Amino acid sequence: MSQLVNIYLGRQPIFDRSLHVHAYELLFRSGSDDNHARILGADHATAQVMMNLFGDMGFRQVVGDHKAFINFTEGLLLSENKPFFPPKQIVIEVLENVQVTPKILRALKTLREQGYQIALDDYIFNPKLAELESCADLIKVDILQVGPKKMLEHIGRLKDKGLRLLAEKVETREQLEFCQKIGFDYFQGYFFSKPQILQGRSLPTNKLSTLKLLANVYDPDIDMNVLSGIIRQDVALSQKLLRFVATAGGNHQITSIHDAVLRFGLNRLQSWASMMVLSGVDDKPRELFTTSLIRAKFCELVGAQIGGFSQDSYFTVGLFSTLDAVMDASLSDLLAQLNFDEKIKLALVDAKGVLGVTLAAVKAMEQCQTDFELPDGLTPSELSKCYLEAMEFANQVDLG
C-alpha cells in the first residue's frame with residue numbers, strides 16, 4: 001500500500017476596491033517552509049497545482065466560492081483538449097514570457113469562448129504583447145516594474161477597452177492609495193499578505209498506471225471499459241478522478257468508476273492524463289514519454305502489416321521500452337512484476353523475435369542508423385512512413 005505524502009500549495013489573496021477578497025492566486029510550493037517557487041519546469045508547476053487543487057485538497061476547500069488565478073505556460077495554453085476544470089471560477093494567467101503567435105491568439109480566443117477568463121500576468125506594457133490585450137479580460141500590472149508615469153499613460157486606454165486592472169506587488173499603503181486613485185480594480189501584494197502555504201496529503205499514483213492510461217486514452221479505437229479498468233486498478237487514480245468529477249459539477253450520484261469515466265468524457269480524460277504525467281515527472285524529461293509513444297505507435301503500425309502477434313502486443317513492446325528510465329529500475333526487475341508473455345519480455349530485454357526486431361528498428365531509426373534488420377522484409381520507405389505517422393500520433397498527445 002502506498003504511503004500518503006505531504007503536498008503543498010501557495011495561496012495569495014486578491015482584493016477588490018472595497019478590500020474584500022475577490023480571488024486567490026494559487027502557486028506552486030515544494031514544502032511548508034518554501035515560500036518561493038523552486039521548480040524544474042513551469043509546465044510541471046502548473047500541473048502540480050492542478051493536481052493538488054482538484055485531485056487532493058479539493059477546490060471548494062481551498063478557494064470556497066472565490067475565483068482561482070492559475071499560471072499557464074505556452075505549452076499548456078496550446079493544449080487542444082477540453083480543459084477538465086470549471087470555467088466559472090478559474091482565471092487563466094498568461095505568463096509574461098509567452099510568445100505572441102497566431103496559435104496563441106487562437107487558443108486564448110477559444111478558451112474565452114469556453115467561458116474562461118484570461119489575465120495577462122506581470123504586464124509591463126511591452127509593445128510586442130499588445131496583441132494579447134484583445135484576448136484578455138484582465139491585466140495584472142507589476143507596479144514595481146512600471147512607474148507611475150507609465151501607468152497613468154496606459155490606464156485610461158485599457159479601461160476604455162473594457163479591461164479590468166489588477167495592481168500586483170503592492171507593498172505600501174501609499175502604493176495602494178495611488179493605484180486606487182488612478183482606477184485599478186483589484187490589488188495583490190505583500191502589503192496585504194504573503195502567500196499562505198496550505199498543506200495536504202496525497203496518495204501517490206503509480207507511474208506505470210499513469211503511463212498506461214496516457215497511452216490508451218489517445219487510442220482512436222479505445223473502449224471506455226478499458227480506461228475504467230486501468231483507473232480502477234489504481235486506488236490513487238480512482239480517488240483523484242472522483243474528486244475531479246465532483247469538481248466538474250452536477251448533482252448526479254456516481255455509482256462506479258466506469259460511471260465517473262463516462263461522465264468525465266474522453267476529451268477531459270485526455271487532458272487529465274497528460275496533466276497527471278506532467279505533475280508526476282518533474283525529474284523526467286517529457287521527451288522520454290514522447291519517445292515511448294512514438295515507439296509504441298511505430299511498432300503497432302508495423303505489426304498491422306507483418307502480423308505474428310496482435311497489434312496491442314506490438315504497441316505494448318514499444319510503450320514499455322523506456323520503462324526502466326521512467327521507473328529508475330532495471331527493465332528485467334520491472335518486467336518480473338508484470339504478467340507479460342515471455343515473447344514480449346524477450347523482445348524488450350534481448351530484442352528477440354519479430355517483436356524485438358521491430359523494436360530494434362525504431363531504436364535504430366531514432367539514431368538515424370541505416371544498417372539494421374528490416375522487420376519481415378518491409379522496405380525502408382515503408383518503415384519511414386510508419387515512423388512519420390507515429391511521430392504525428394505522439395504530437396497529438398498533449399504533454400504541455
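I began with contacts (heavy atoms within 4.5 Å): residues 24 or more positions apart account for 66% of the contacts in the chain with a separation of 6 or more.

I noted that this is a predicted model, in which local features need pLDDT of at least 70 and side-chain atom pairs count only at pLDDT 80 or more, while totals for chains, interfaces and linings use all residues. Residues are numbered from 1 along each chain as its sequence is written, and side-chain values use heavy atoms, with hydrogens and water left out.

**Chain totals**

I looked up the secondary structure and found 18 helices and 9 strands in the chain. Both are DSSP runs numbered from the N terminus, helices being H or I with at least four residues and strands E with at least two. I then looked up burial: of the 400 residues, 53% count as buried. Buried means under 20% relative accessible area, exposed means over 50%, and partly exposed lies in between (1.4 Å probe, protein chains only). The chain exposes about 18,800 Å², and carbon and sulfur atoms supply 48% of that area. Accessible areas come from the Shrake-Rupley method with a 1.4 Å probe, and for residues only the protein chains shown count as cover.

**Cores**

I searched for nonpolar cores, meaning sets of buried Ala, Val, Leu, Ile, Met, Phe, Trp, Tyr and Cys residues joined through side-chain atoms within 4.5 Å. The largest has 55 residues, and those with the most contacts inside it include Leu213, Trp272 and Phe298. Helix 12 (residues 286-306) gives the largest share of this core, 10 residues. Another core lies apart from it, with 44 residues, among them Ile70 and Val141. In soluble globular proteins, nonpolar side chains tend to be buried together.

**Cavity**

How many cavities of 30 Å³ or more does a search of the whole structure find? I got 1. On a 1 Å grid over the protein atoms alone, a cavity is a set of points where a 1.4 Å probe fits but cannot get out, and lining residues have an atom within 4 Å of a point. Grid points are joined across faces, edges and corners, and a volume is the space filled by probe spheres set on the points. The volume of the largest cavity is about 50 Å³. Its lining includes Val94, Glu96, Asp121 and Leu132. Strand 5 (residues 117-123) supplies the largest share of the lining, 3 residues. By class, I noted 6 nonpolar, no polar and 2 charged lining residues. Ala, Val, Leu, Ile, Met, Phe, Trp, Tyr, Cys and Pro count as nonpolar, Asp, Glu, Lys and Arg as charged, and the others, Gly among them, as polar.

**Single residues**

I looked up Leu208 in helix 7 (residues 207-217). Leu208 counts as buried because its relative accessibility is 15%. Leu208 and Leu323 are 115 residues apart in sequence, yet 8.1 Å apart in space, C-alpha to C-alpha.

Ile254 sits in the loop between helix 9 (235-247) and helix 10 (257-264). Its relative accessible area is 32%, so Ile254 is partly exposed. Not counting residues up to four places away in sequence, Ile254 touches Leu242, Val245, Asp259, Ala260 and Arg263.

Leu19 has a positive phi of about 65 degrees although it is not a glycine. I found Leu19 in the loop between strand 1 (5-15) and strand 2 (21-28).

Methods: 1 Å grid on protein atoms, 1.4 Å probe; cavity = no way out; pocket = protein on both sides within 12 Å on 5 of 7 lines; lining within 4 Å.
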